[in-house]
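The following note sets out, point by point, what may be read from the coordinates shown below. Please take each paragraph alongside the displayed chain.

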Amino acid sequence: MAQDDNSGKDLAAANSSSHDLLPVDTGTGVVSPDAVENPGHPEHRQRVTDLNPKKEKQAERTVFILFFLSAVGSLWAVAAYMMFPIDGQMELVRSNNLFIGLGATLALMALGIGAVHWGKALMADHESVDHRHPVRGTDETRARAIEIFEEANEESGFGRRSLIRNSLIGALVVFPLPAVALFRGLAPYDEDPVELLHHTMWKKGTRLARDPSGAPIKASDVTLGSAFHVIPEDLNDAKDVLNEKAKAIVLLMRLKPEDLNELPERKNWSYNGIVAYSKVCTHVGCPVALYEQQTHHLLCPCHQSQFDVANHATVIFGPAARPLPQLPITVDDEGYLVAQSDFHEPVGPSFWERH
Ligand code: FES
């Protein structure tokens, strides 16, 4: 590679005026006795790709292969996302994570190594000195900046080496695809996500069952002060058990009926002091799992929101913005606790479509 004339001059100037670079006391103008002589730059050594056109071509092909591999990695990640859908089976979840991870790793690594190899083996590598100057450059400096851009374009071969340039552009265009596919997967393909957030699988007559055994709960099992982690009895019949469970989990508690301060429109939503509330925190959705029976407070361990069960689970502390939704319950002919209906409002964190 040819050396830049200006840079060569700059370098010579910098080496010959190395005393200017020694630390000088600004008060006395004396050079500090601890000053170390500026050793200057070592002599420039040309690379094998500068000397041998065959090696240069070989390096160009290597960079092309690496950018090509990066594109393959990105497409591989998208293919893996489609081949191993996350549908609750642990094997598929593992394969999904493994193959998406491998694809994304290949895409990133090959892109990075290709860029570094391009820079080290093919772009100009001569040393140059850039002296400090006022922040706003003169018109000549600005004109020189444009020249530098043009030189950089010439020296990197960005405009000239169309094979590398186009493969880099191709790799960068394909690179965001895995992210697009992954974010798209957050919303279901065949159902309205807003509708899904509005409903859980609770319906009139569904028995309340213990989590995780699925054993139905009788009202007589719920003693004063106790709390149960609850799922719908027919949870295992659901098409998507994990997602349905995530929305339908409930906490069941029994208080003295006289301690319950129920809203007028919810007078018949409890049974003999037994109340059921969504276990999904209305802040960002952690399970609200800590019940303090003396104070009737429910605590969310994530950010310490507290809900007062005696007062329709209203928020008394923390970042949650609204009370926990209440599940209306009663008992069936055999004394088992059953839901009267679904929740009357969406469970979990507030979202933009919420009414
Ligand atoms: S998720 Fe419950 S307080 Fe943040």
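1. Disulfide. The model is a predicted one. By the sulfur-to-sulfur criterion, the count of disulfides comes to one. The bond joins Cys-286 to Cys-302, with an S to S distance of 1.9 Å. These cysteines lie 16 residues apart and link distant parts of the chain: Cys-286 is in the loop between strand S4 (274-278) and strand S5 (290-292), and Cys-302 is in the loop between strand S6 (297-299) and strand S7 (306-308). The link of Cys-286 and Cys-302 is left-handed, with -90 degrees about the S-S bond.

2. Accessibility of the cysteines. Are the cysteines Cys-286 and Cys-302 buried or partly exposed? Cys-286 counts as buried because its relative accessibility is 17%, which falls under the 20% limit. Cys-302, at 33%, counts as partly exposed. Two further cysteines may be noted here: Cys-281 is buried, with a relative accessible area of 1%, and Cys-300 is buried at 2%.

3. A search of the whole structure finds 15 salt bridges. One of them brings together the side chains of Arg-47 and Asp-125, at 3.6 Å from N to O. Arg-47 lies in the loop between helix H1 (5-16) and helix H2 (48-51), and Asp-125 in the loop between helix H4 (90-122) and helix H5 (139-156), so the pair ties together parts that are 78 residues apart in sequence. Arg-47 counts as buried at 13% relative accessibility, whereas Asp-125 is partly exposed at 26%.

4. A salt bridge within a helix. Glu-91 forms a salt bridge with Arg-94, and the closest N and O atoms are 3.2 Å apart. Because Glu-91 and Arg-94 are three residues apart in helix H4, about one helical turn separates them. Both Glu-91 and Arg-94 are exposed.

5. The side chains of Asp-139 and Arg-136 meet in a salt bridge at 4.0 Å, N to O. Asp-139 is exposed, with a relative accessible area of 56%, and Arg-136 counts as exposed at 51%. Elsewhere, a network of salt bridges links Glu-56, Lys-57, Glu-60 and Arg-161.

6. Negative surface patch. Which residues gather in a patch of negative charge on the surface? They are Asp-190, Glu-191, Asp-192 and Glu-195. Of these, Glu-191 is placed in the loop between helix H7 (177-184) and helix H8 (193-198).

7. Nonpolar surface patch. Ile-65, Phe-68, Leu-69 and Val-72 make a nonpolar surface patch of about 330 Å². Val-72 belongs to helix H3 (residues 53-83). The relative accessible area of Val-72 is 33%, so this residue is classed as partly exposed.

8. Cis peptide bond. The peptide bond from Asp-211 to Pro-212 is cis, with omega near 10 degrees. Pro-212 is located in the loop between strand S1 (208-210) and strand S2 (227-232).

9. Gln-304 is not a glycine, yet it has a positive phi of about 65 degrees. Gln-304 is partly exposed, with a relative accessible area of 39%. Ala-313, likewise not a glycine, has a positive phi of about 55 degrees. Ala-313 lies in the loop between S7 and S8 and counts as buried, at 0% relative accessibility.

10. Strand S8. Ile-316 has its place in strand S8 (residues 314-317). With a relative accessibility of 40%, Ile-316 counts as partly exposed. How far apart in space are Ile-316 and Leu-298, C-alpha to C-alpha? The distance is 9.9 Å, for a separation of 18 residues in sequence.

Key: Residues numbered from 1 in each chain as written. Predicted model: local features only at pLDDT ≥ 70, side-chain atom pairs only at ≥ 80, totals over all residues. Heavy atoms only, no water. Patch = residues over 30% accessible without salt bridge, like charges linked within 9 Å, V, L, I, M, F, W, Y side chains within 5 Å. Areas by Shrake-Rupley, 256 points an atom, 1.4 Å probe, with all protein chains shown as cover. Lys, Arg positive; Asp, Glu negative; His and termini not counted. Charge placed at Lys NZ, Arg CZ, Asp CG, Glu CD. Helix = DSSP H or I, 4+ residues; strand = E, 2+ residues; numbered from the N terminus. Disulfide = S-S within 2.5 Å. Buried < 20%, exposed > 50% of the residue type's maximum accessible area, 1.4 Å probe, protein only.
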